[in-house]
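These notes are meant for a colleague opening this entry for the first time.

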There are 2 protein chains.
Amino acid sequence: MGTQATERADAARNRRAVLDATERLLAEGGGEHVSLDRVAALAGVGKGTVFRRFGNRAGLLRALLEERSRALREGIESGPPPLGPGAPARERLHAFLDGLGAIAEGNAVLLSAHEQACAEDKYDDPSYRFWHRHLRALFAEERPDLDAGFLAHAVLAVFDGELIRRVTPPGDPRRFTRSVQRMAAAMLGQDDHRDPPPGT
Amino acid sequence: MGTQATERADAARNRRAVLDATERLLAEGGGEHVSLDRVAALAGVGKGTVFRRFGNRAGLLRALLEERSRALREGIESGPPPLGPGAPARERLHAFLDGLGAIAEGNAVLLSAHEQACAEDKYDDPSYRFWHRHLRALFAEERPDLDAGFLAHAVLAVFDGELIRRVTPPGDPRRFTRSVQRMAAAMLGQDDHRDPPPGT
DNA sequence: CGTTATGCGGACTGTCGGTCCGCTTGAGGG
DNA sequence: CCCTCAAGCGGACCGACAGTCCGCATAACG
């Protein structure tokens, strides 16, 4: 990704211009009227260029989303704990949801647009699969008795742009993230972030 | 709903024809190419008729969905326990998810199409709001310490047509429902469907 | 059977995602 | 410095679709 091995200078420039234009349109109007015509016009390139670079509408939005989440992905794979490997599953889960929640809260409109565009092949999206694998592994480690794969889908299902907008009151931008974290904790069991239960 | 106070006979006939045609198109091809042109053609009516009756694409799909879920809704409001009023929250929750899960499993394609069409005003849909209110009340009753409203959204978020298709293996059509029920039980706490905890 | 307003149909419009192909231009070798 | 040529560009073009509109048909009723 990023810059291809051999990418002509103008191609790279256009790539950025298109991405920036998309971002601006998303920020200005509601995400719904981000048509590819408009993106191309605002970026000052032809429509064909957009398609050659990103394949289709979904690809364009996905590229933007991946740009936003690359750091989180790398942090999970090889960063320091508690996000990266090494911390207990509960803490990694908390850290992961904190990071993903922040991205989602800051890009709710982009998220909606992407969901819309991806129709329903979003479950094949590499990013989705990565988050899902990670969550599944964490759940499986902590609660081998539950269906970790399903719980992972359930947690991700809540990352819906419109829902995030609805549950985020003005003046408390991290409320969504906290709700998700508490829900995930509830799924794992009562002992939220306290010591192990007294039953042992 | 149903039949308006004064509805001309041909109007009622067309209404049914359109609904049936939509159903057939949904069943045959994948839900994506259920264009209103096609629905009108198959129903043997003009396009204008479809729009006059249902307002728009989303309205058409919603009408079909409401038809499918009317019985469940009535059962919740005034049917016998455990679905209707009177049973403990845990049991009502289980019964509700059983009913809603059955509808969702049997109408996954319709569900996808509806999500697609509703873009993101699905949270204003009367049906959605009804399910949400019900769930929220049940959660609040059992776990007043958690954010019942958010949990209700989280449970409903999982009712996604494409997800249902993905997690439903051939030969186990109720697997999705069971997964949802177990997840909801986990949200409420360990004592799944057993007797009250020994702490009392 | 006459009257009327309710409902009908399908041509029409505007927009969008996506394709295609002739032209331009960056980049490297002579 | 210029020549070559493929990588890249742009925007005309296409088909499909949601939604509108208005002249016409007909159900309902006395």
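1. A residue is taken as near a strand if its C-beta atom, placed from the backbone, lies within 6 Å of it. By that rule, in what is a predicted model, DNA strand C is surrounded by 23 residues, and the closest of them are A:G48, A:N56, B:V45, B:G46 and B:G48.

2. The most is given by α3(B), with 4 residues.

3. For DNA strand D it is α3(A) that gives the most, with 4 residues, and the residues of the surface divide into 5 nonpolar, 8 polar and 10 charged.

4. Turning to the contact between the protein chains, 27 residues come from chain A and 27 residues from chain B. On the side of chain A that touches chain B, the elements that give two or more residues are α6 (108–117), α8 (148–157), α9 (161–167) and α10 (175–188) of chain A. The residues on that side divide into 13 nonpolar, 7 polar and 7 charged.

5. Which residues have the most contacts inside the largest nonpolar core? They are A:V155, A:M183, B:V155 and B:M183, in a core of 92 residues. Leaving aside neighbours within four places in sequence, A:M183 is in contact with B:F150, B:L151, B:A154 and B:M187. As general background, nonpolar side chains tend to be buried together in soluble globular proteins.

6. The length of α1(A) can be checked: at 1.5 Å a residue its 20 residues should span 28 Å, and its end C-alpha atoms are 29 Å apart, which agrees. Within α1(A), the residues A:N14, A:R15, A:V18, A:A21, A:T22 and A:L25 are buried. Because they cover an arc of only 135° around the axis, they lie on the same side of α1(A). The cover over these buried residues includes α2, α3 and α4 (57–78) of chain A, whereas the face turned away from the buried side carries the exposed residues A:A9, A:R13, A:R16, A:A27 and A:E28.

7. In chain B, the buried residues of α1(B) are B:N14, B:R15, B:V18, B:A21, B:T22 and B:L25. These cover an arc of only 135° around the axis, which puts them on the same side of α1(B). Among what covers them are α2 (36–43), α3 and α4 (57–78) of chain B, while B:A9, B:R13, B:R16, B:A27 and B:E28 are exposed on the face turned away from the buried side.

8. Finally, the backbone deserves a look, since most peptide bonds are trans. A:P81 and A:P82 are joined by a cis peptide bond with omega about 5°, and A:P82 is found in the loop between α4 and α5 (89–106) of chain A. In chain B, the bond from B:P81 to B:P82 is cis, with omega near 5°, and B:P82 lies in the loop between α4 and α5 (89–106) of chain B.

Notes:
Residues numbered from 1 in each chain as written. Chains lettered and ligands numbered in written order. Predicted model: local features only at pLDDT ≥ 70, side-chain atom pairs only at ≥ 80, totals over all residues. Contact = placed C-beta atoms within 7 Å. Nonpolar A, V, L, I, M, F, W, Y, C, P; charged D, E, K, R; others polar. Core = buried A, V, L, I, M, F, W, Y, C linked by C-beta atoms within 7 Å. Buried ≥ 20, exposed ≤ 12 C-beta atoms within 10 Å, placed from the backbone. Arc of directions from axis to C-beta. Expected span 1.5 Å × (residues − 1).
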